[in-house]
Amino acid sequence: MKPPAPYENAVTFRFGDSPELADELLALVLSGAKTATCGALRDFDEKEPVPEPGRRDVVLDGRGRPACAIETLSVVIQRFDDVDEAFATAEGEGPYEVWRSEHIAYFDRNGGYAPGMLLVCERFRVVEVFEREAD
């Protein structure tokens, strides 16, 4: 399913590594609880390039449908162990200890975790929410 105009050529992605996690994290974004995200630098490529401030991307739900457009506000590349509590809280997934344990498990499932691994830490805002058919 293609994103609506003017986002036809935007980078598209979904949060997490399962349809269920994608929908759970998307709900946090749509509620305003999640205004930040991070990913392993090693996982970015031509299809999903490192975000840049001002770029607008389309977030997909767990079924691959365009759900919303976000605009990148800032990007910092830093080591996992250097992510601070303020950033973890902005991810909206719980207190710092929960963020840390959940992200270690996520990275272990997706190529490996290391305390010094480089993360792309992005802050964003929702700029448009798209209509989706009810499930």
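Student: Which residues does Phe87 touch, not counting residues up to four places away in sequence, and what makes each of them a contact?

Tutor: Phe87 touches Ala36, Thr37, Cys38, Cys121, Glu122 and Arg123. Each counts as a contact because heavy atoms lie within 4.5 Å. The model is predicted: local features need pLDDT of at least 70 and side-chain atom pairs count only at pLDDT 80 or more, whereas totals for chains, interfaces and linings use all residues. Residues are numbered from 1 along each chain as its sequence is written, and side-chain values use heavy atoms, with hydrogens and water left out.

Student: What makes the set around Trp99, Phe107 and Leu119 a nonpolar core?

Tutor: The term requires buried Ala, Val, Leu, Ile, Met, Phe, Trp, Tyr and Cys residues joined through side-chain atoms within 4.5 Å. The largest such core has 15 residues, of which these three touch the most other members. Strand S2 (36-40), helix H2 (85-90), helix H3 (96-109) and strand S5 (118-129) each give two or more residues; the largest share, four residues, comes from H3. A second, separate core of 11 residues includes Phe13, Leu25, Val29 and Phe124.

Student: How do you know that S3 and S4 pair?

Tutor: Helices (H or I, at least four residues) and strands (E, at least two) are DSSP runs, numbered from the N terminus. Two strands pair if DSSP finds at least two bridges between them. Asp57 has Ile70 in S4 as its bridge partner. The open sheet of five strands has mixed pairing and the order S1-S3-S4-S5-S2.

Student: Why do S1 and S2 stand at the edges?

Tutor: Strand S1 (12-13) and S2 each have a single partner strand, so one side of each is left without a neighbour in the sheet.

Technical notes
Buried < 20%, exposed > 50% of the residue type's maximum accessible area, 1.4 Å probe, protein only.
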